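Reader: I would like to go through the labels in this model one by one. Please set each value against its rule.

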Amino acid sequence: MRVAFGLALGGVGGAVFAWLHLPLPWLIGALVAVAAARIAGAPAEGHPQLRNVFLGIIGIALGLYFTPATAAVLMAKAPVLLLAAFITLAIGAALAPILARRAKVDMATAWFASIPGGVADMAMLAEVYGGRPGPVALAQLLRVCSVVVLVPNIFALLGLRGDVPQAATILPFVPWVLALQFAGGLAAAMLLVRVGVRAGWMLGPLAVTAAVTASGITLSGLPPWLTAAAQVVLGTSLGAAFGRESIRPLRRFLPHAVSQVLLLMAGCATAAVLLSWLFHEPMGAMILGTAPGGVAEMSLTGKVLGLDVALIVTLHVTRIFLVTVLTPPAFRLLHGRQGKE
């Protein structure tokens with residue numbers, strides 16, 4: 001009943017935001033409605049398994065942008081992708097001492113709260129290196145939700161749009177082909193999750209769809225109602241994490257976490273503008289690709305705004321890989337800490 005109430009509330013919030021013609025309405029509307037209800041004490045919940053299923057739907061929608069021509073262009077842009085990911089991580093690392101000093105927390109907590117990574121992954125790593133997982137989880141959750149809410153609205157106010165058509169809606173909807181796409185993506189997702197890639201529920205279907213599309217095979221598109229439902233489920237899951245029980249013990253840390261998110265967003269946006277100018281890349285796609293939000297949320301924003309979704313997705317996937325590989329050894333090197341078993 002709590003899950004049903006949360007999804008219904010998320011659907012209502014998404015419908016209201018869509019009626020108001022706000023950007024990314026189904027995702028942001030569900031997030032805002034459910035988060036407000038949770039903070040007010042209402043029993044709204046998300047469902048992790050259902051979220052994983054619909055993350056696969058989002059992955060399929062994004063994978064359709066990887067045409068043969070797009071894949072060739074992205075291969076040529078590998079140096080830009082790596083440089084953008086390194087700069088994003090460097091900005092988070094540079095802001096960690098500021099958070100440690102202002103919030104009066106240890107460096108492990110500040111470091112893993114500042115690096116844009118997965119909520120559960122960063123909290124777990126913080127505990128391994130002697131930090132506090134609670135503040136890290138809160139800071140990472142605030143980062144994702146703040147970026148999801150603020151970035152699309154800032155883009156709408158500035159009029160930053162592109163003219164790339166939405167691949168998932170222009171392709172014909174063929175249910176049996178989509179079922180095969182989802183089955184193959186689910187198998188890839190389970191494999192990625194088994195080897196420790198927490199974002200595998202979305203990256204698996206994305207990788208399978210992108211590989212098939214890049215080979216020149218035309219797959220099924222997705223009807224608008226299905227992508228809207230996926231956004232509602234994702235928004236509901238994000239909003240449900242804002243419970244009184246998780247925020248109340250960390251209320252003194254909360255304003256410092258918010259200011260850290262704003263600094264990280266400003267730093268990444270500045271880097272994106274500079275990279276766009278230096279390498280003649282589209283500014284909107286570079287800002288979304290380096291924004292410290294989740295790959296699903298930022299790519300959906302690019303999809304709605306008609307920006308280069310393939311570039312945005314690849315930028316975020318590159319950063320996810322580098323965060324996974326480099327964050328622990330970089331912390332050990334810079335701060336001389338060894339992790340616990």
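Author: This is a predicted model, where local features need pLDDT of at least 70, side-chain atom pairs count only at pLDDT 80 or more, and totals for chains, interfaces and linings use all residues. Residues are numbered from 1 along each chain as its sequence is written, and side-chain values use heavy atoms, with hydrogens and water left out.

Reader: What makes glutamate 45 and arginine 2 a salt bridge?

Author: The rule asks for a side-chain nitrogen of Lys or Arg within 4 Å of a carboxyl oxygen of Asp or Glu. In this pair the closest N and O atoms are 3.9 Å apart. That is within 4 Å, so the pair counts.

Reader: Why is it said that this pair ties together parts that are 43 residues apart in sequence?

Author: Arginine 2 lies in helix H1 (residues 2-19), and glutamate 45 lies in the loop between helix H2 (25-39) and helix H3 (48-63), so the contact spans that stretch. Helices here are DSSP runs (H or I, at least four residues), numbered from the N terminus.

Reader: Why is arginine 38 called buried?

Author: Buried means under 20% relative accessible area, exposed over 50%, and partly exposed in between, with a 1.4 Å probe and protein chains only. Arginine 38 has 10%, so it is buried. Glutamate 45 has 24% and is therefore partly exposed. Arginine 2, at 48%, is also partly exposed.

Reader: How many salt bridges does the whole structure hold?

Author: The search finds 3. One of them joins glutamate 281 to lysine 77, with the closest N and O atoms 2.8 Å apart. Glutamate 281 lies in the loop between helix H14 (254-279) and helix H15 (283-290), and lysine 77 in the loop between helix H4 (68-76) and helix H5 (78-103), so this pair ties together parts that are 204 residues apart in sequence. Glutamate 281 and lysine 77 are both buried.

Reader: Which residues line the largest cavity?

Author: The lining is Ala113, Ser114, Ala139, Arg143, Ala257, Gln260, Val261 and Leu264. H14 gives the largest share, 4 residues.

How values were computed: Helix = DSSP H or I, 4+ residues; strand = E, 2+ residues; numbered from the N terminus. 1 Å grid on protein atoms, 1.4 Å probe; cavity = no way out; pocket = protein on both sides within 12 Å on 5 of 7 lines; lining within 4 Å.
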